[in-house]
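Let's take a walk through a protein together, one step at a time.

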Amino acid sequence: MSKMDADLNEVLNLNCPTGSLIGSRKAALQTIQKNLHGLQSDKAVKNRLLKLRDHYNQPQEELTAYVGIIRWYIDRKLKKLGRV
């Protein structure tokens with residue numbers, strides 16, 4: 001195991017399945033998924049994703065918690081729908 005892996009997994013314990021970090025990231029992601037739930041067409045989903053991407057990419061003094069996973073998810077969904 002590399003020093004970095006040891007630091008992440010043992011010292012910081014960032015990927016502990018029972019830790020709050022994973023649960024908190026999941027909750028942030030579920031907020032975005034709920035925001036998209038019920039949209040009927042791909043066009044509606046794309047439009048919502050584009051608005052969300054603009055919102056989460058705005059310069060802010062304090063970033064939204066777990067903004068990295070939110071941005072990753074939005075970009076991944078847009079790529080799947082054929083819009084980057």
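At what angle do helix 2 and helix 3 pack, and how far apart are their axes? Before answering, keep in mind that this is a predicted model. The angle between helix 2 and helix 3 is about 140°, and their axes lie 10 Å apart. Their crossing is right-handed. To see where they touch, look for I32, N35 and L36 on helix 2, which meet V45, R48, L49, L52 and Y56 on helix 3. Sorted by class, the residues of this contact are six nonpolar, one polar and one charged.

Now step back and take in the whole chain. You will find four helices and zero strands, so reading along the sequence gives the pattern α-α-α-α. The chain has 84 residues, of which 20% count as buried. Among its contacts between residues at least 6 apart in sequence, 48% join residues at least 24 apart.

Next, follow helix 2, residues 20–36, to another partner: helix 4, residues 67–80. These two pack at an angle of about 40°, with 9 Å between their axes. Because of that angle, helix 2 is oblique to helix 4. The crossing of helix 2 and helix 4 is right-handed. On the helix 2 side, the contact is made by R25, A28, L29, I32, Q33 and L36, and on the helix 4 side by I69, I70, Y73 and I74. Eight of the residues in this contact are nonpolar, one is polar and one is charged.

What lies in the largest nonpolar core? This core has 14 residues, and those with the most contacts inside it are I32, L36, L49, L52, Y56, I70 and I74. Helix 2, helix 3 (42–57) and helix 4 each supply at least two residues of the core.

Setting aside neighbours within four places in sequence, L36 is in contact with V45, R48, L49, L52 and Y73. Of these partners, V45, R48, L49 and L52 are in helix 3, while Y73 is in helix 4.

Finally, find K43, which lies in helix 3. Is K43 buried or exposed? Its relative accessibility is 61%, and because values over 50% count as exposed, K43 is exposed. K43 and L81 are 38 residues apart along the chain, yet 8.9 Å separates their C-alpha atoms.

Conventions
Residues are numbered from 1 along each chain as its sequence is written. This is a predicted model: local features need pLDDT of at least 70, side-chain atom pairs count only at pLDDT 80 or more; totals for chains, interfaces and linings use all residues. Side-chain values use heavy atoms; hydrogens and water are left out. Axes are lines fitted to C-alpha atoms, for helices over the stretch in contact, and angles run from 0 to 180 degrees between N-to-C directions. Angles under 35 degrees count as roughly parallel, over 145 as roughly antiparallel, 65 to 115 as roughly perpendicular and the rest as oblique. A crossing is left-handed if the near helix is turned anticlockwise from the far one by less than a right angle, and right-handed if clockwise. Contact means heavy atoms within 4.5 Å. Ala, Val, Leu, Ile, Met, Phe, Trp, Tyr, Cys and Pro count as nonpolar, Asp, Glu, Lys and Arg as charged, and the others, Gly among them, as polar. A nonpolar core is a set of buried Ala, Val, Leu, Ile, Met, Phe, Trp, Tyr and Cys residues joined through side-chain atoms within 4.5 Å. Buried means under 20% relative accessible area, exposed over 50%, partly exposed in between (1.4 Å probe, protein chains only).
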